[in-house]
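The structure is shown first.

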Amino acid sequence: MKKVLVPIKRVVDYNVKVRVKADGSGVETANVKMSMNPFDEIAVEAAVRLKEAGSAEEVVVVSCGIAACQDILRQAMAMGADRAILIESDAELQPLAVAKLLKAVCDKETPDMVICGKQAIDDDSNQAGQMLSALLGWSQATFASEIKLEGDKVQVSREIDGGMETLSISMPAVITTDLRLNEPRFASLPNIMKAKKKPLETIKAADMGVDIAPRLKTLKVGEPPARSAGVIVADVAELVAKLKNEAKVI
Amino acid sequence: MSEYVAPMSDIKFVLQELAGLEEISQLPGCEDASLDTAEAILEEAGKFASEVLSPLNRVGDTNGPRWDNGEVTTSPGWKEAYKQFVEGGWNAFSCEPEYGGQGLPKLLATAVMEMWKSANMAFALCPMLTAGAIEALMLSGSDEQKNMYLPKMISGEWTGTMNLTEPNAGSDLAAVRTRAEPQGDGTYKIFGQKIFITYGEHDLTDNIIHLVLARLPDAPEGVKGISLFVVPKFLLNEDGTPGKRNDVHCVSIEHKRGIHGSPTAVLAFGDNGGAIGTLVGELNRGLEYMFIMMNEARFAVGMEGLGISERAYQKATEYARERIQGAEPGVRGGPKVPIIRFPDVRRMLLSIRSQTEAMRALAYTVAAATDRAHCSPDEKVRAENQAFVELMTPVVKGWLTETGIELASAGVQVHGGMGFIEETGAAQYLRDARITTIYEGTTGIQANDLIGRKTARDGGETVKAVLAQMRQTLQEVAACKEPHFARIHKMLEEGINALEAAMAYIVATFKPDIKAASAGAVPYLKLFGIVAGGWLMARASVIAQKKLAAGEGDANFYKAKIATTRFYADHVLAMAPALSRVVTEGAEGVMALEEDWF
């Protein structure tokens with residue numbers, strides 16, 4: 001396999017307690033720690049391991065978003081990716097727009113495989129990978145917990161409700177990663193230094209010839225309702241009565 | 001239990017705004033430390049500290065290393081963590097590129113060092129001692145010794161130790177009795193016993209390189225007769241791989257108050273015919289080499305005081321937000337509130353926070369000066385910075401560690417009874433901190449260095465240069481008309497005056513009445529630390545005010561910096577005049593009691 005492409009997203013760090021903006025227009029991101037979406041980190045790790053095993057020649061990471069996304073692209077290169085592409089845009093990018101931008105990148109780069117996180121932890125859309133595979137007309141395997149190359153096919157074990165399912169799909173393919181696929185490595189100090197010198201190409205989203213206009217409109221973002229206080233019941237009979245009549249669960 | 005999270009906002013602020021990382025990264029040899037690279041490094045180091053080192057901190061405390069027949073097994077998980085540390089390239093951070101180091105500046109190394117110390121002080125001791133041994137070999141080793149040992153020590157594949165102390169040679173190293181007998185082939189046989197050897201024996205690596213102070217049979221008495229030797233645990237084969245076991249053995253490891261995860265060894269040299277070693281540098285100059293290296297080691301121990309304080313702050317703050325107890329003062333019959341609402345708890349938290357920030361500001365400022373002293377192309381700049389570093393090293397060592405113990409204790413106090421319970425974790429920080437004022441020269445030794453070599457010897461000239469810088473900041477503070485600055489100005493000015501008076505007293509008294517000067521040495525050191533910390537907090541506030549006025553960055557961070565400085569001025573700088581009086585008026589009280597009456 002010549003090339004693996006890994007799309008990555010910059011999101012609010014998973015340790016940060018997310019706050020809603022006062023005007024309800026979205027989530028507060030100013031002065032908040034941002035980092036690579038954890039599922040995408042797993043995707044980078046998977047691609048780098050393919051390269052280290054001699055199964056892939058090159059790993060290219062790509063991110064769509066503001067200029068600050070360079071941070072996570074450098075981090076991916078410190079983990080072992082060979083080069084990076086930033087599709088720069090200050091606009092809101094919804095999953096369909098991202099999928100279209102990535103399709104344009106794939107048309108140009110012609111990777112054999114795209115590995116991406118199954119979803120981003122900010123909006124939890126879980127759509128871009130699937131949309132990309134549909135736009136490209138490639139096979140797809142989502143929620144991968146194991147990836148094995150078998151000749152010109154790839155075997156993917158995926159987590160489904162009742163257990164595990166193993167698919168054999170032909171390449172080129174889009175694979176999305178689940179949590180248990182691997183444990184991403186820490187970047188080593190020498191690799192952080194080397195990442196600085198690896199190529200990072202920036203392309204304006206507007207120059208990609210793709211319609212990235214949002215199709216969905218966010219009406220309002222709000223905090224989940226606070227949990228109300230519980231009540232102490234006198235005895236089991238009262239509990240049963242409440243479960244039956246108020247909660248209507250038995 | 002909550003894990004350590006690197007205080008990235010303050011670390012970056014101090015690095016960039018206060019210590020001048022950008023300027024440092026333009027010095028020759030420091031170019032790799034550009035802001036974006038520094039950020040990438042800090043992020044990854046922070047992750048490693050939180051996810052690998054921090055979870056092992058309590059493991060090391062409760063399940064320390066075990067000694068069995070000369071072999072030491074480290075705590076569960078430590079070997080794997082050490083391997084990851086080495087594979088990550090962290091051990092080579094600021095070492096010479098010539099021998100495989102990354103050559104990054106001291107300033108950036110200091111920020112990363114803080115993270116290791118906060119996350120797991122007992123673990124961080126291992127690379128700290130290796131760094132000391134590397135430094136000693138770099139400065140004084142022969143090319144052959146450097147080629148044999150440095151690449152593996154810099155990568156961390158082998159660790160290093162410093163063998164100074166003996167049962168009768170502690171603060172007074174002139175009393176060292178370990179013997180070195182020349183063999184006529186360029187090697188020496190070493191005989192004797194060394195104690196308190198940090199990581200003197202362990203299972204983390206397949207060789208340990210001991211640096212040992214010893215005397216030749218015909219060496220002159222006292223400090224001028226001590227030489228330095230390199231004695232590997234395994235002698236090296238022709239190809240440089242570890243070969244025959246050398247005659248140095250771990251007799252036991254100590255039971256200690258804290259840093260349980262760090263094996264403290266008693267090492268016996270030469271019980272079976274003599275441990276083979278080679279001389280480092282020239283004969284009888286061992287102590288001199290040791291003291292060049294010691295500045296680095298003392299700075300690093302100071303960083304332990306900072307690291308522990310930061311950790312204590314995180315833990316205490318988290319608890320104070322969660323612990324619900326009683327109604328808010330002044331709200332009769334009101335709902336029960338978290339204890340952070342009580343002024344005394346706020347006072348304790350702010351005491352930890354403000355002094356932790358002040359210590360960070362001072363340590364990073366000294367680290368930046370070290371880089372300028374090494375790398376600046378301007379000889380005058382190099383000399384000025386070197387003088388500043390030498391002056392401030394005992395302050396960093398002494399003040400950061402003394403304060404670290406106090407703050408770790410305050411961290412326990414915030415927890416109340418739960419703080420006294422080991423499972424909570426706050427008590428470990430206090431126990432771990434306790435050693436820091438003792439090893440690498442006690443606070444008393446630091447203070448003696450400060451009043452003698454660093455203050456009196458040049459008639460206070462270096463101190464005066466620092467005082468002038470402080471007064472410069474005072475003017476900048478005076479120019480800020482926003483709330484809090486008038487008060488910060490008043491307290492800083494009083495602090496500077498107090499330090500100046502104490503300095504003048506030390507300079508005047510040192511020669512005619514050394515006992516009087518020595519009696520006030522430790523209070524003088526604390527006074528120096530408090531005022532230097534206040535100076536840099538004031539500088540930080542002036543910068544914060546400028547950022548606020550320009551509408552740049554995180555406004556809450558800058559407002560908090562000013563508010564924290566205000567607290568420091570009122571509660572910490574306020575102590576300066578009192579300490580100055582102790583220095584200048586306290587000697588008689590120290591000397592009045594007859595020795596027999598003790």
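The largest cavity holds about 40 Å³ of space, in a model that is predicted. The structure has one cavity of 30 Å³ or more. On a 1 Å grid over the protein atoms alone, a cavity is a set of points where a 1.4 Å probe fits but cannot get out, and lining residues have an atom within 4 Å of a point. Grid points are joined across faces, edges and corners, and the volume is the space filled by probe spheres set on the points.

The lining of this largest cavity consists of Met128(B), Leu129(B), Gly132(B), Met162(B), Met293(B), Ala297(B) and Glu440(B). Two helices of chain B, α7 (121-140) and α9 (286-322), each supply at least two of the lining residues; α7(B) gives the largest share, with three residues. Helices (H or I, at least four residues) and strands (E, at least two) are DSSP runs, numbered from the N terminus. By class, five lining residues are nonpolar, one is polar and one is charged. Here Ala, Val, Leu, Ile, Met, Phe, Trp, Tyr, Cys and Pro count as nonpolar, Asp, Glu, Lys and Arg as charged, and the others, Gly among them, as polar.

## Contact between chains A and B

Chain A contributes 14 residues to the contact and chain B contributes 22 residues, where contact means heavy atoms within 4.5 Å. About 1,500 Å² is buried between the two chains, 58% of it from carbon and sulfur atoms; buried area is the accessible area (1.4 Å probe) that two parts lose on being put together, summed over both. Of the area that chain A buries against chain B, Phe186(A), Leu189(A) and Met193(A) supply 44%, more than any other three residues.

Three salt bridges are counted between chain A and chain B, each defined as a side-chain nitrogen of Lys or Arg within 4 Å of a carboxyl oxygen of Asp or Glu. Lys196(A) forms a salt bridge with Asp32(B), with the closest N and O atoms 3.8 Å apart. On the side of chain A that touches chain B, helix α5 (residues 189-195) of chain A gives the most, with four residues. That side divides into seven nonpolar, three polar and four charged residues.

## Salt bridges and backbone features

Over all chains, the count comes to 56 salt bridges. Glu109(A) forms a salt bridge with Lys3(A), the closest N and O atoms being 2.7 Å apart. This pair links distant parts of the chain, 106 residues apart: Glu109(A) is in helix α3 (residues 95-109) and Lys3(A) in strand β1 (residues 3-7), both of chain A.

Most residues other than glycine have a negative phi, and most peptide bonds are trans. The peptide bond from Met171(A) to Pro172(A) is cis, with omega near 0°, and Pro172(A) is found in the loop between β9 (163-170) and β10 (173-177) of chain A. Lys248(A) has a positive phi, near 55°, and lies in the segment after α6 (236-245) of chain A.

## Conventions

Residues are numbered from 1 along each chain as its sequence is written, and chains are lettered from A and ligands numbered from 1 in the order in which they are written. For this predicted model, local features need pLDDT of at least 70, side-chain atom pairs count only at pLDDT 80 or more, and totals for chains, interfaces and linings use all residues, while side-chain values use heavy atoms, with hydrogens and water left out.

Conventions. On a 1 Å grid over the protein atoms alone, a cavity is a set of points where a 1.4 Å probe fits but cannot get out, and a pocket is an open set with protein on both sides within 12 Å along at least five of seven lines; lining residues have an atom within 4 Å of a point.
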